[in-house]
Amino acid sequence: MEDDKKKTENTSHPFSLHAKVLDKIKQGMDADSLKDSFISNLLFSIAKDQFTATDYDLFLSLAFVIRERLMERWIKTQQIYHQKLCKRVYYLSLEYLTGRNLGNAVINLGLEQDVEKGIGELGLKLEELRDQELDAGLGNGGLGRLAACFLDSMATLQIPCHGYGIRYEYGIFNQAIVNGYQMENPDTWLRLRNPWEIGRPEFTFTVKFGGRVEQYHDHKGLLRYKWVDTQDVLAMPYDTPIPGYQNSIVNTLRLWSSKATNEFNLDYFNHGDYLKAISEKFESENISKVLYPNDNNFSGRELRFKQQYFFVSASLQDILRRFKRHSNDFLEIPDQMAIQLNDTHPSIAIPEFMRLLVDEEKLPWEDAWEITVHTFAYTNHTLMPEALETWPVTLFEKLLPRHLQIIFEINHRFLKQVAMKYPGNNDKLRDMSLIEEGNEKKVRMAYLSIIGGHSTNGVAALHTKLLKSTFFNHFYNMFPERFNNKTNGITQRRWLKKCNPELSNLISSKIGEDWVTDLYQLKKILPFTEDNDFIKKWIKVKNINKQKLAELVDKELSIQINPQSMYDVQVKRIHEYKRQLLLLLYAVHRYTQIKASPGSNWVPRTIFFGGKAAPGYFMAKLIIKLIHSVGEVINYDPEVQDKLKVIFLPNYRVSLAEKIIPASDLSEQISTAGKEASGTGNMKFALNGALTMGTMDGANIEILEEVGEDNIFIFGLKAHEIEALKKKGYHPGDFIKKSPSLHNILHLIECGFFSLGNADLFKAIIQSLREWDTFMLMADFESYVEIQEKADLLYKDPVAWTKKCITNVANMGKFSSDRTILEYVKDIWKVKPVKV
């Protein structure tokens, strides 16, 4: 009997011994467990040993170690969301610029020291393995990076959230510079295996295009619509875990990949037409092939349109699938979900949700519309009219005929409301219609987002004010309660703790680590502006970061820069309104001043540029060429030496930003006032102790309010002054005549001084500045030079400069994406945190 009892005890849980082993290998958080797990993954997951493993294999092995620690938390998080039937946020974004995941996951799991120790015993370094990871470049700039910050904040704040987007096979292009010109190379970020994603083929959905619409009457005699004879594409999801900061929450980013309904047509194949046999597969899978196809031609625009509908349709089908697991009462939807549209790209979600509710679920139109409006919210990210998307009606007719019918019906009902509010005002009807009349009728997608949701928010105070007073003024007057501001933010976990560990450790040594989850805690370092020892340590940290960047420049570009020089930095997407050209004109001005008086006591300065130009954006690409041409002259002029350098850092991306930002002294945020919606680069630089050189634009205004006017360099015309000047009649030539320096700078460029005598090379740039100067560079130039001289003067006093840097960092609490998300939660989403 005793033996039988023992036998029963030993066999009642046949996997108990293995579970204990697995608990240590797969879940142990100490250094020894992490080391054992690393060795196990290298051997059993990658099939390599220490002799055959490449550097990327070693990164993969560590990534699998960290992923294993996320898995149980990930599953548990989703289980609790289902058990509690909690309201969830669904964040729809066409872009996610997540960058590298390994370092962020290690920090959020609280494993930095144990990982360092564990792999250190194997002769490896965490920083070197992190550098092996390829950036997930699934975004173009600020929009995608904001989405990534928001996901991090929602997980950290325990907000039930799912992000949805596209798993682009090729992300934002890799930028190479050849003879000063930008060349675009494919970003094959998936070629070496992505260790973070989990394919979920069981949740594949069908997405339809084309076809026609049939009318029929259901069994109740009600008129119904059926979308038939469509060309179908499959959407297969890949999930990436999004861990919160040391709280056991792991949310999900679900990205869709397009697949053909048939791998190949066997009939064509059997008849010898091999290309035709697989053409359907190629055409279907093109949808998720590349981020931002060139939209200078119709096929590029059509593909972009398909991308937007593809991910929206798959996401909404998935959202409703999850909802229907617990309820068939669709009136409960607004209590169970909040769907946020990140800019106008996903705005086709409004008619698609209506189609799913009315056509597929058979809801009455009125109920479906009520549900839709109370479920959706829209974030606008731009003040540039050309970025407020419109799509030709003919494109809808070709690809989404049922959605066009739904949009016409929404417009018809909405214009009835407008007519009741403004009787007899046909101008209002025209201006507020979803359909833009003209030679080619177009659907105004931003208007659709406003009408179809209960909230429209801007992303900085000035931006929201301008939205309400200009672009969307009619809608603001119609629905004032729907408009609100949510100033953007950044996650301090990545943009201080991860990217600037030396500064993070210095701050934490004085005030503890509460700032990692409550950025307002940085206020506690303000008293240390009077602590000479703290100031010395701060300067030492900055110099370490500057030396690292100097070594990177030497390695990548073979240019030696002076680490003691002021690092003056403008890194962001290349666009005329962001005014990289203004900083370049100042570089030429400074060059001519140094040449005129080389023996003067110049503050040495290294001016950094970085950013990608859209492949079809001629002027932006020409600006990159001019930057290089100017740099070629300045950097190799023996009379200038290290007094001035102009550096262009190629292939700007998240991982490169993490190296540049901690080293920067001066942050150039110099867009034309009223053009930048918010900007988040300004926040990242200020959080890392760079002083802002900026216009009264976007979030610069709010940074000024937080840090005080004595701790920021502000110049240039304000938005209302620009509008007044335009109404009066802006003539850039008037400003050029008043400025001998400006006249000389333009002459040097147009006579070929920077282009080996080729006077025509930069003719387009000079012509634009002299004749129309859309973004007011000439009007702001003298003010810019004046404020730059003030920056020079301050930089000569390292202690005074550093005190202002510390003051900036101390007052960055408002600019955490945690604060932004809490405002969304309170004012728009009405969701509650869920503990795991």
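Student: What should I keep in mind about the model before we start?
Tutor: This is a predicted model, in which local features need pLDDT of at least 70 and side-chain atom pairs count only at pLDDT 80 or more, while totals for chains, interfaces and linings use all residues. Residues are numbered from 1 along each chain as its sequence is written, and side-chain values use heavy atoms, with hydrogens and water left out.

Student: Why is Phe-618 called exposed?
Tutor: Exposed means over 50% relative accessible area, buried means under 20%, and partly exposed is in between (1.4 Å probe, protein chains only). Phe-618 has 55%, so it counts as exposed. Phe-618 lies in helix H25, residues 618-635; helices (H or I, at least four residues) and strands (E, at least two) are DSSP runs, numbered from the N terminus.

Student: What makes E22 and E25 edge strands?
Tutor: Two strands pair if DSSP finds at least two bridges between them. The open sheet has six strands in the order E22-E21-E20-E23-E24-E25, with parallel pairing. Strand E22 (644-649) and strand E25 (713-714) each pair on one side only, and they are the edge strands.

Student: How do you know that E24 and E25 pair?
Tutor: Two bridges join strand E24 (residues 691-694) to E25, and the pairing definition asks for at least two. The strands run parallel, and Met-693 stands opposite Phe-713 in E25.

Student: Which strands does helix H34 touch?
Tutor: Helix H34 (residues 798-810) packs on the sheet and touches E20, strand E23 (666-669), E24 and E25. Contact means heavy atoms within 4.5 Å. The direction of H34 makes about 85° with that of E24; axes are lines fitted to C-alpha atoms, for helices over the stretch in contact, and angles run from 0 to 180 degrees between N-to-C directions.

Student: What makes the phi of Leu-756 worth a look?
Tutor: Most residues other than glycine have a negative phi. Leu-756 is not a glycine, yet its phi is positive, about 55°. Leu-756 lies in the loop between helix H31 (740-750) and helix H32 (763-771). With 90% relative accessibility, Leu-756 counts as exposed.

Student: Where is Ser-248 found?
Tutor: Ser-248 is in the loop between strand E11 (231-243) and strand E12 (250-260). Phi of Ser-248 is near 75°, a positive value in a residue other than glycine. Its relative accessible area is 33%, so Ser-248 is partly exposed.
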